[in-house]
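Subject: Structure handover, with notes on the sheet and the salt bridges

Dear colleague,

I am passing on the structure we spoke about, and below it I have set out what was found. Please keep the model open while you read.

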Amino acid sequence: RLRRADGMLAVVQCKYHKRGVVGSPELQKFLGTIHHNLSHKGFFVTTSTFSLAAEKFAAQHPIELVDGPRLVELVQQALGPKGRRQTEPAWF
C-alpha cells in the first residue's frame, strides 16, 4: 500500500508476463483487492500489455494501467539522461 501526504491510499500489483496479455479477469480480482484494502486507487503494472477488455474495465474503475513500454519510459525518466541505455532490455 502507498499513502500520499494528503491521506490518499493506493495499492500496486506487479506482474511479469514473458508473453501474452493481462486480461480483465485479473483486473477484476485486483479491484477486489483495492476495495478490501480500503484504497482509493490501484496501479496494475506489467511487463507485457493489456487486452482491450482490460483497458475498458480499468477506464471504468480507479485502476491505472502501466504496460511494458510505459514502464520503460518511467524508468528512463527516473534515471535521467545519463542513465539511459541505447537499447531496451530483451525481456521487454
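Helices (H or I, at least four residues) and strands (E, at least two) are DSSP runs, numbered from the N terminus. Read along the sequence on that basis, the chain follows the pattern β-β-β-α-β-β-α-β-α, and its secondary structure comes to three helices and six strands.

Please bear in mind that this is a predicted model, in which local features need pLDDT of at least 70 and side-chain atom pairs count only at pLDDT 80 or more, whereas totals for chains, interfaces and linings use all residues. Residues are numbered from 1 along each chain as its sequence is written, and side-chain values use heavy atoms, with hydrogens and water left out.

The sheet

Four strands form an open sheet with mixed pairing, in the order E1-E2-E4-E6, where two strands pair if DSSP finds at least two bridges between them. Strand E1 (2-3) and strand E6 (63-66) stand at the edges, and each has a single partner strand, so one side of each is left without a neighbour in the sheet.

E2 and E4 run parallel and are joined by six bridges, with Lys15 standing opposite Thr46 in E4. E4 and E6 also run parallel, joined by four bridges, and in this pair Val45 stands opposite Val66 in E6.

Helix H1 (residues 24-36) lies across E2, strand E4 (41-46) and E6, and runs at about 140 degrees to E4; the axes behind this angle are lines fitted to C-alpha atoms, for helices over the stretch in contact, and angles run from 0 to 180 degrees between N-to-C directions.

The chain as a whole

Counting as a contact any heavy atoms within 4.5 Å, residues 24 or more positions apart account for 54% of the contacts in the chain with a separation of 6 or more. Of the 92 residues of the chain, 30% count as buried, where buried means under 20% relative accessible area, exposed over 50% and partly exposed in between (1.4 Å probe, protein chains only).

The salt bridges

A search of the whole structure finds three salt bridges, a salt bridge being a side-chain nitrogen of Lys or Arg within 4 Å of a carboxyl oxygen of Asp or Glu.

One of them joins the side chains of Asp6 and Arg4 (2.6 Å, N to O); Asp6 is exposed, with a relative accessible area of 52%, and Arg4 counts as exposed at 53%.

Another is formed by Glu64 with Lys41, whose closest N and O atoms are 2.9 Å apart. Glu64 lies in strand E6 and Lys41 in strand E4, so this pair ties together parts that are 23 residues apart in sequence. Glu64 is partly exposed at 34% relative accessibility, and Lys41 is partly exposed at 31%.

There is also a salt bridge between the side chains of Glu73 and Arg70 (2.9 Å, N to O), which are three residues apart in helix H3 (residues 68-79) and therefore separated by about one helical turn. Glu73 is partly exposed, with a relative accessible area of 40%, and Arg70 is partly exposed at 33%.
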